[in-house]
Amino acid sequence: MHTLISLTAPAVVPAVEPVVAADWPGADAAVLLVALPLLSAAVLLLLGRRSDRWGHWLGVLASAGSFVVGVVLLLGMLGLPAEQRVHDVHLGTWLDAGALSIDAGLRVDPLSLTFVLLVTFVGTLIHVYSVAYMEHDAARRRFFAYLNLFVAAMLLLVLADSYVLLFVGWEGVGLASYLLIGFWNHHTPYAVAAKKAFVANRVGDVGLLVAMGLMFATFGSLDFSTVHANVAQASESTLTLIGIALLVAACGKSAQFPLQSWLGDAMAGPTPVSALIHAATMVTAGVYLIVRSGVIYAGAPTAQLVVAIIGAITLLFGAVVGCAKDDIKKALAASTMSQIGYMVLAAGLGPIGYAFAIFHLVTHGFFKAGMFLGAGSVMHGMDDQVDMRRFGGLGRYMKITYFTFMAGWLAILGIPPFAGFFSKDKIIEAAFVPVDGQPWRAWVFGTIALLGAGITAFYMSRLFFMTFEGKKRWSETRDGHEQHPHESPALMWVPMAVLAVGSVALGWVLQAVGFVTWLEPSVGHAEHEEPVLGVPVLIGLTLIAVALGLALAWRRYAVSTVPVAPPVGTVLTRAARVDLYQDAVNDAVLVEPGQYLTRSLVYGDKAVVDGAVTGLARLTVGTGDLVRRAQNGFARSYAAVMVVGVVVLAVVVLAVRG
Amino acid sequence: MSGFTVPEIAWGPMVPVMVVLLTAVVGVLVEAFVPAAHRRTVQLTLTLAALAGSLVAVAALWSDTERTGGTDVLGGSLVVDGPTLVLQATIALLALLSTLVVADRVTGGEDAFAPAAAAVPGSDYEELARSRGLRQTEVFPLLLFATGGMMVFPATTDLLTLFVALEVLSLPLYLLSGMARRRRLLSQEASMKYFLLGAFVSAIMLFGIGLLYGYSGSLRFSDIAAATATPNGMEGLLVVGALMLLAGLFFKVGAVPFHMWTPDVYQGAPTPVTGFMAACTKVAAFGALLRVVYGMLPGMAWDLDVVLWVVAILTMVVGTVAALVQTDVKRLLAYSSIAHAGFVLTGVIALNDAGLTAVLFYLLAYSAATVGAFGLVSLVREQGTGEDGSPTLLGEATRLPQWAGLGRSHPVVAVTFTLFLLSFAGIPLTAGFVGKFAVFSAAVDGGAWQLALVGVLASAAAAFFYVRIVVLMFFTSPHDTADEAPTSTTVTAVAVDGPAPDGEDGTVAATSGVAVATAAPERATTTVAAGEGLTVVAVAVCAALTVLLGVAPSPVLDAIASVAALLP
């Protein structure tokens with residue numbers, strides 16, 4: 001498989017599937033990671049109302065317990081030499097019949113452990129926050145059950161040692177997100193949003209299923225070790241197909257172009273859910289899938305290029321949409337889309353970008369969760385108002401939210417020394433590295449990444465200024481309620497403060513402890529390569545772009561008055577407000593032909609299939625009646641049937657013999 | 001004249017059987033000497049202890065057998081090897097669960113059995129027995145005798161012992177079938193039919209044994225197998241003899257065309273007994289069939305394959321098709337058990353180790369769901385209004401329309417029943433799926449892919465009538481199906497004698513349930529009897545087994561596979 005090197009970048013060592021090391025009994029504890037939240041979810045759902053009083057704390061405890069297990073595993077792994085850090089924990093064989101043998105196992109390695117720590121740590125903070133946020137919701141216990149289920153499914157997804165088990169977690173995440181987005185499903189639009197997320201995810205799932213089918217046909221197995229070890233035997237076209245199918249799956253889960261439309265609507269769920277979906281679980285799954293399947297992409301440069309292109313498109317798409325949104329949560333959603341676009345772009349750059357994609361994913365997990373929780377805190381204080389044109393000057397009323405949000409904002413902008421600077425800047429640098437000696441790619445992807453940074457600075461500053469700076473644009477009363485912004489309770493602001501600390505320092509800390517090296521056992525080692533421009537030049541250019549965006553936003557949204565009614569705006573603004581017509585495009589391209597197709601199929605089904613089925617059913621029932629008539633209840637005729645049976649069988653046997 | 005040589009008897013490996021049979025004998029003495037007030041408690045305790053002891057004995061023999069491959073007991077009349085132990089454990093476990101269902105009583109201390117089985121139905125004597133609260137505690141020793149016979153049946157490698165075991169297991173069942181508390185004529189009719197046809201088929205089988213002896217000069221399976229290898233011009237005897245022997249076994253497993261007794265007997269017998277019969281008899285009979293087909297007849301596989309194929313296909317198709325038009329739960333389950341016999345036969349035909357393992361697993365999965373399903377049927381009752389206006393519990397509500405809306409009124413019962421139905425239908429994550437998967441893949445491995453294809457198609461069709469019940473329970477309100485519901489039978493139903501055909505509404509009322517119109521209510525509602533909790537325990541264990549074997553079948557499959565080798 002080392003011959004693959006030449007297929008990608010000559011100087012890059014691909015993610016070699018390391019030898020799965022043996023003796024580390026501690027790794028078995030990984031089972032607990034999934035089991036704890038799963039058990040808690042089961043308890044909460046089974047006990048029902050009886051657990052209403054303490055259910056939410058059990059949920060918090062389960063999530064925190066997983067985090068502790070994760071930390072223990074981390075300490076254990078740090079004690080091992082780098083080449084022994086990939087462990088497969090065999091859980092058992094579900095089915096072993098001939099060619100079909102389905103094993104279940106967990107893979108504990110630096111990559112999965114990184115996800116575990118991110119998911120459980122941020123997840124636990126969000127759990128704590130939700131205790132207060134959902135306090136007045138009668139169904140809080142059910143909410144925590146779903147949150148736990150979400151965390152458990154995500155952990156299973158990242159810990160699985162085969163695509164089959166990964167798929168189980170993948171579906172679990174889809175299910176949990178459906179339940180949570182539609183948690184307030186008594187509002188029809190919320191239920192519709194949940195359904196939309198579900199459908200978009202289904203499209204992605206088909207991709208994963210196709211990929212699994214191709215892999216099973218090619219390699220005869222679906223566990224990572226076997227598949228990754230045998231990649232060399234597959235043809236490049238097969239690998240390209242698998243890669244594209246995996247990308248489709250990733251697009252569905254990670255809201256990448258063209259399956260991104262559900263993410264904005266998914267804001268219907270309670271805000272902690274959005275934080276969980278956007279920061280730690282769900283949308284990161286696609287990035288994980290691509291990075292985990294790095295070996296496959298190493299053999300399929302075309303698929304890898306497509307990954308980078310999709311990432312680049314999405315990062316611009318999300319950024320443009322983010323500039324026009326007035327709904328604070330939707331603006332944040334657009335920024336998630338864009339940031340995930342960065343990660344996918346990095347993952348599409350090959351081994352050189354994998355580590356940076358994960359790096360950015362981790363820092364993003366912190367600052368995005370912090371900002372979402374901050375947005376929730378703002379809504380909490382503003383009676384669930386989400387329109388930023390009705391905010392303004394809130395920084396004076398909620399100091400803690402203001403400062404924690406500011407940390408997240410500076411981090412996503414990439415201002416040194418905040419977390420985003422270390423991770424995003426690396427991606428921009430990597431994008432400027434020529435691949436296969438083709439400088440055009442470096443220029444295209446690099447410029448897009450640079451441009452994206454500028455736009456990000458603009459719309460995130462716009463969001464921040466419209467909310468916290470400027471004059472107040474809200475009135476004392478709204479819909480008859482009194483409206484007086486106030487700081488949220490400690491249960492809400494403490495998690496925000498913790499995340500803010502991460503937003504400030506995490507990038508520097510991870511850089512200092514050698515995060516990229518830590519991931520090497522999982523994603524492979526990449527030689528450092530020079531980008532087409534010098535690194536200081538790139539940092540300078542990025543900072544200039546960011547400063548421009550920031551200044552523009554400052555002038556328009558902090559200094560000058562923001563109109564309460566949205567102005568008509570340019571063509572681009574109007575397009576961006578409706579997500580660049582993605583719903584219209586979806587309708588025209590998918591829904592309407594689909595409906596037409598469905599109608600024709602229904603007709604064909606009625607005319608042809610139903611006819612055949614009805615006929616068959618009639619035949620069967622007719623035969624059944626015949627049998628029933630033979631069953632006339634007389635012992636004598638039963639005996640006769642037996643005698644005739646023996647005689648007929650004897651005749652048949654003797655005839656066959658003769 | 002050669003002297004009689006006393007065979008070496010290895011007592012140890014016989015303990016599982018001995019415990020059961022000896023306790024049965026003790027049970028007879030209990031009937032004679034223990035005062036009536038304590039009889040039930042003593043009998044129930046003894047029975048459960050015996051069956052549990054039998055299970056423990058099997059477990060104790062396990063590791064030895066796994067190491068040595070098995071022991072020859074009684075000079076070859078009895079063989080205790082891996083499959084024997086698996087089957088004996090299955091039978092003992094299921095008999096234990098069935099005992100719980102059998103012993104359960106609803107309010108008023110009323111069990112499923114007639115207070116005086118010998119009394120003429122509807123007679124004054126019967127009424128007297130009922131009002132005096134007599135109990136038939138003989139059911140427990142009868143159950144144990146039958147279980148003992150079943151545990152010998154698959155362990156024997158000798159035609160005579162085979163026949164004796166068959167009778168030991170059958171005779172108590174004939175009796176038990178006739179002891180239903182309600183619908184007594186139907187029950188007695190079932191018993192009579194079962195006995196007549198059973199005796200008839202015993203004769204056929206005995207004739208077959210005679211022919212085989214005539215051909216080979218021995219009753220030992222291994223000797224007959226050896227004799228098939230050396231042709232002597234009398235193969236006609238051999239083929240016809242084997243066929244007649246198989247007919248007897250087919251009768252016991254309920255394979256077409258020897259299945260006709262099944263629906264009538266299953267419907268007429270007291271429901272707890274039906275569950276016991278449907279599960280344990282089938283396990284025992286398939287065990288014996290395995291030993292005959294694998295141990296005695298492999299030399300004639302070429303000739304007999306056609307028989308097995310024809311019977312398997314007919315069984316799957318007829319069982320499925322007939323089940324589609326049933327309107328009575330017990331009859332439907334009877335036909336479904338016929339179809340399952342066909343599925344198991346595909347595994348038998350595979351004639352390889354995988355087939356052996358698959359059949360053993362399938363039997364466990366099927367019988368767990370069967371005992372559970374019949375246990376639930378015994379709890380779903382009609383409810384009428386008594387003379388004082390209070391609700392009283394009547395007989396079982398076995399007509400399908402009566403099950404409508406059960407999902408709403410008794411969700412736990414309905415969900416559990418659905419679980420068993422899904423297992424019967426072979427839906428993934430239930431034991432039934434793993435079982436079906438195992439037998440069909442074994443059949444494909446054994447070169448019988450056409451058979452597996454028929455099996456898959458039949459199970460697809462069979463899923464229809466299982467799902468129909470699910471739909472009925474959950475998505476139909478009871479009023480949608482309210483038909484000209486015949487009045488429920490009172491306890492002292494005077495019945496018109498006659499056959500019990502699969503009538504249009506398949507109900508008992510149509511044939512033998514014509515009530516003496518005393519204060520019979522206009523229309524009975526369906527309810528679930530509480531019972532003493534014994535049935536609930538049994539059903540819960542069956543449900544747990546069904547889920548467990550479906551979700552994590554590997555340990556059990558591995559354990560069975562590790563001992564799946566028949567001693568000659």
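Biologist: To begin with, is A:Arg462 buried or exposed?

Modeller: A:Arg462 is buried, at 2% relative accessibility. Buried here means under 20% relative accessible area, exposed means over 50%, and partly exposed lies in between, with a 1.4 Å probe and protein chains only. The model is predicted: local features need pLDDT of at least 70, side-chain atom pairs count only at pLDDT 80 or more, and totals for chains, interfaces and linings use all residues. Residues are numbered from 1 along each chain as its sequence is written, chains are lettered from A and ligands numbered from 1 in the order in which they are written, and side-chain values use heavy atoms, leaving out hydrogens and water.

Biologist: Which residue does A:Arg462 meet in a salt bridge?

Modeller: Its partner is A:Asp326, at 2.8 Å from N to O. The rule for a salt bridge is a side-chain nitrogen of Lys or Arg within 4 Å of a carboxyl oxygen of Asp or Glu.

Biologist: What about B:Lys193, which partner does it have?

Modeller: B:Lys193 forms a salt bridge with B:Glu189, with 2.9 Å between the closest N and O atoms. Both lie in helix H7 of chain B, four residues apart, about one turn of the helix. Salt bridges with shared partners link B:Glu189, B:Lys193, B:Asp264 and B:Arg331 into one network.

Biologist: Changing topic: how many residues does each chain give to the contact?

Modeller: Chain B gives 48 residues and chain A gives 32, where contact means heavy atoms within 4.5 Å. The buried area is about 3300 Å², and carbon and sulfur atoms give 77% of it. Buried area is the accessible area (1.4 Å probe) that two parts lose on being put together, summed over both.

Biologist: How many salt bridges cross that interface?

Modeller: The rule finds zero salt bridges between chain B and chain A, but it finds four residue pairs in polar contact, both residues at pLDDT 80 or more. A polar contact is a pair of N or O atoms within 3.5 Å; within protein, one must be able to donate a hydrogen and the other to accept it, and residues adjacent in sequence count only if both atoms are side-chain atoms.

Biologist: Which helices of chain B supply at least two residues to the side that touches chain A?

Modeller: They are H7 (184-216), H9 (235-253), H10 (261-268), H12 (301-324), H13 (329-350), H17 (431-445) and H20 (534-551). H12(B) gives the most, with nine residues. That side of chain B divides into 34 nonpolar, six polar and eight charged residues. Ala, Val, Leu, Ile, Met, Phe, Trp, Tyr, Cys and Pro count as nonpolar, Asp, Glu, Lys and Arg as charged, and the others, Gly among them, as polar.

Biologist: And the backbone: where are cis peptide bonds found?

Modeller: One joins A:Pro416 and A:Pro417, with omega about 5°; A:Pro417 is in the loop between helix H16 (399-413) and helix H17 (419-431) of chain A. Another runs from B:Val256 to B:Pro257, with omega near 0°, and B:Pro257 is in the loop between H9 and H10 of chain B.

Biologist: What is phi of A:Ala255?

Modeller: It is near 55°, a positive value in a residue other than glycine. Most residues other than glycine have a negative phi. A:Ala255 is buried, at 0% relative accessibility. B:Leu429 also has a positive phi, near 75°, and B:Leu429 is partly exposed at 49%.
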